[in-house]
Amino acid sequence: MASKLVPNSFILVSFFLCSLISIPSTEAQLETLAPDQAKAEAAGMTHIHFFFQDILSGKNPTAITIIQPASSSMTSFGLMNMIDDKLTEGPDPSSKEVGRAQGLYAASSLSEVGFMQAMNLVFTDGAYNGSVITVLGRNAPLHATREMSIVGGTGQFRYARGYAIAKTHTLDITTGDATVEYNVYVTTH
């Protein structure tokens with residue numbers, strides 16, 4: 001019997017419906033995961049805040065599916081997307097670009113929508129221009145906040161360690177386009 005592929009629209013509708021029942025993030029929840037700027041500085045960490053623009057639609061998508069799910073999995077198990085997403089100062093996709101997120105995310109969970117995400121945050125403007133932070137971790141987009149590891153970097157971020165907190169800002173269920181807020185806490189000690 002041939003296996004059926006799950007259409008991307010089904011995946012997006014499932015994502016949206018599940019996100020309606022997830023517990024909304026509060027400032028207190030985010031504070032339990034990430035220190036504020038003063039705490040980060042006291043710990044010798046650098047705090048970087050930006051928005052990740054994941055665009056799957058239109059003539060110039062910044063995220064493309066390179067492997068379809070292997071089966072009719074409700075979690076899209078096996079799906080893999082390659083990204084070259086814009087990083088912006090604000091949530092509006094037309095706000096100032098500060099870098100690019102280049103890498104991939106792959107659906108790696110059979111029990112919930114959960115991605116293994118591997119990406120380089122390539123800074124192209126401002127104080128960190130020319131530097132890179134490498135992120136590797138689990139990104140479960142139906143969770144209000146997600147934490148991923150900083151596993152290295154280059155330029156000003158050589159020997160980097162730390163973590164990135166991701167929080168979905170907007171999601172268009174028709175196109176799959178999403179804006180994700182990131183708070184990155186990194187140290188090179």
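A salt bridge is a side-chain nitrogen of Lys or Arg within 4 Å of a carboxyl oxygen of Asp or Glu. The model is predicted: local features need pLDDT of at least 70, side-chain atom pairs count only at pLDDT 80 or more, and totals for chains, interfaces and linings use all residues. Residues are numbered from 1 along each chain as its sequence is written, and side-chain values use heavy atoms, leaving out hydrogens and water.

**Exercise 1.** Determine which residue forms a salt bridge with Lys96, and where the two partners lie.

*Solution.* Step 1: the partner of Lys96 is Asp125, with the closest N and O atoms 2.8 Å apart. Step 2: this pair links distant parts of the chain, Lys96 lying in the loop between β3 and β4 and Asp125 in the loop between β5 (115-123) and β6 (132-139), 29 residues apart; strands are DSSP runs (E, at least two residues), numbered from the N terminus. Step 3: Lys96 has a relative accessible area of 44% and Asp125 one of 28%. Both are therefore partly exposed, a class between buried (under 20%) and exposed (over 50%), using a 1.4 Å probe and protein chains only.

Definitions and conventions
Helix = DSSP H or I, 4+ residues; strand = E, 2+ residues; numbered from the N terminus.
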